[in-house]
Amino acid sequence: MIELSALSKSFGDAVALRDVSLTIEDDEYLTLLGPSGSGKSTLLRLIAGLDKPDAGSILVNGQNTIGLPPHQRGLGIVQQNYALFPHMTVQQNVEFGLRWREENPVRDEKELARRVGAMLELVGLNGFENRGVGQISGGQKQRVSLARTLVTEPKVCLLDEPLGALDANLRERMTLELRRIRDTLGVTFMHVTGNEDEALAMGDRMIVLDQGHVVMIAPPDAIYNLPCSMRVAQVLNAYNILGGQSRDNGFEHGGKLLPLPEGASEAAHYAIRYDAAKIVPQDDPSALLQVTFLTSEFTGGGVTYFMRGPDGVFEVERHLSRADPEVYTSGQALAVTWDAKDALVYDAQGVLIGHSEMRGAA
Amino acid sequence: MSTETIQSNPGFFTRNKHYWLLVPGVVWMTLFLVVPLGMMVYVSFWTQTTFAISNDLTLKSWQTFFASETYFGALIRTIRIWLTVLFLTILIGYPAALFIGQMVRNKTTQTILLVACVIPFWTSFLIRVLAWRPMLGKEGAINILLQKLGLIDAPIEVLLFTELAVIIGMVQIYVVFMVGPIAFMLARIDQSLIEAARDLGASGWTIFRKIILPLSLPGVVVGAIFVSVMVLGEFATSSALSGRKVNLLGNIIVTQVGSLKWAFAAVIGVVLTAVMALVVTILLRIVDLRKEL
């Protein structure tokens, strides 16, 4: 178990992390989501011991680790660019930690071959032992890098944007692979990513980082369904966020009064998920907001429609499993509607103040 | 193949247009490298008499070279001095390069330090060589300083006009050619590799031995080629700092050409070229430069 408390780090005048506290449990898949510049790489480097925090402490199983090198923290890091040793074969790369570590090195060739072999088997690269690392593909490099770290049996494995450099196809396969490998070994993975889909799909728990702050820690479905602050909703890239204010039991936005969930009298922001909104003709009785159609994007299983509302772009996602895509022309006047229970409202500080209990956090 | 048939088979010259890019270089190198090199080999078999040379082919000059203590000794001496200078330039150059390439993380500072290494080249080669005389001489700066400090009673005489002086001079002049390529290779090593190795538990010494050294080896080889080629062909430093006592192959060529012994000078030229070719080949065997560059 790793406990971070009140970690802070600045580079010159730029504050990278401010007062970050969180606990990393044993045997869990943790994802860390943050837009670029949110301090997620800095946090990873602090945990790993590659940088020193300005303030705060990092306890691994109750022991303070500030100043300790990574391997003595029981940590392993899989770097974003894989950092494979270019002059070595796959075998030599994977065995590096076992053979050359300062403490308790493994020099028995049979033992090395057995452990490296078992690890390559786990990551699906058996038979690649004698390949040079320049002769293998990006996805294979990723696996070698993972195997090199995991073979040293760390308690926690930190993965810095592990899928960032892979193409979409490989990315999907590696997503499953990473989960399978983690389940097999029972090691904690802390997976850092800037991609919200990846963070939602992979994690048992998810941390959302924004401007150096931890803004939410919860299981992915809870974060997706009920972002506790407006910034989380923005980072997820799944919510239309409308500005305005509460008035007469409704939310005034662009001259319209939108329905409010219970008990949200001081609302300043109103969020509605892309897939909770519906496009209707302008004169439809249920119409809540008048919009102008801009364009649409086919995503395979669905279509994302982009419309101009009173406060910027309004997006609606429509899944195609139940219906054919509707076709609109650019500039066409439409309206959007949604169930009042799907709306989330935030106060002026961006804190969640109202939501329907019906929706819950599954 | 299929595209060529579709394009109604353009002429030979049209298809190989891009080879015209090579013409100036090839012409230049043929006239001023290949032809003279062949000429040198040819002349080494000519018959040399005291005042004339004729193109009757003979092995006499070659026999003289390998039979003579003086000439064959010069070959051995050249190789010995070359190996000593090479060893010392690596010994002195590698740590300096390690500092510039790995310890200094700021690119601007790196460039400034590398440029600083080249500053001695702003003075002419001969002045740099001759400047060692007032440094190393019997009443030179080093002896005066050591005597003033009371470290020695009598001046050290082996400092100048000896093989030691030649080695000191050559190391100083050529060490920068070792520092440059090594620092360049070291600066190219991705810091994440070193972080990864440290993260895997390797000590600083292991990281140097297993990661930094092998990855900088191409730089060492390139530096060694520079230094070797220059030292093997040297004559100015050895004659200026040894008082003509240390004769390298280069010095003998100068003397022989001076007394118009063309055939014999050619023999030494061929030997020197062969030694250089051998040295470069061996050095290139150490690392696969094709893979690195």
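Reader: Where does B:Phe32 lie?
Author: B:Phe32 is in helix H3 of chain B; helices are DSSP runs of at least four residues (H or I) and strands of at least two (E), numbered from the N terminus. This is a predicted model, with local features needing pLDDT of at least 70 and side-chain atom pairs pLDDT 80 or more, while totals for chains, interfaces and linings use all residues. Residues are numbered from 1 along each chain as its sequence is written, chains are lettered from A and ligands numbered from 1 in the order written, and side-chain values use heavy atoms, without hydrogens and water.

Reader: Which residues form the nonpolar patch on the surface?
Author: B:Phe32 belongs to it, along with B:Phe12, B:Phe13, B:Trp20, B:Val23, B:Val27, B:Trp28, B:Met29, B:Leu31, B:Leu33 and B:Val34, with about 1200 Å² of accessible area together. Helix H2 (12–15) and helix H3 (23–43) of chain B each give two or more residues to the patch. The most, eight residues, come from H3(B). Patch members have over 30% relative accessible area and no salt bridge, with nonpolar side chains (Val, Leu, Ile, Met, Phe, Trp, Tyr) joined within 5 Å and like charges within 9 Å; areas are Shrake-Rupley values with a 1.4 Å probe, and for residues only the protein chains shown count as cover.

Reader: Different topic. How much area do chain A and chain B bury between them?
Author: About 1700 Å², 64% of it on carbon and sulfur atoms. Buried area is the accessible area (1.4 Å probe) that two parts lose on being put together, summed over both. A:His87, A:Phe96 and A:Trp100 supply 30% of what chain A buries against chain B, more than any other three residues.

Reader: How many salt bridges are there between chain A and chain B?
Author: One. B:Glu195 pairs with A:Arg45, and their closest N and O atoms are 2.7 Å apart; the rule asks for a side-chain nitrogen of Lys or Arg within 4 Å of a carboxyl oxygen of Asp or Glu.

Reader: And B:Asp190, where is that found?
Author: In the loop between helix H10 (163–188) and helix H11 (191–199) of chain B. B:Asp190 counts as partly exposed because its relative accessibility is 36%; under 20% is buried, over 50% exposed, and partly exposed is in between (1.4 Å probe, protein chains only).

Reader: What about A:Glu95, buried or exposed?
Author: Buried, because its relative accessibility is 7%. A:Glu95 lies in helix H2 (residues 90–100) of chain A. Leaving aside neighbours within four places in sequence, A:Glu95 is in contact (heavy atoms within 4.5 Å) with A:Leu112 and A:Val116.
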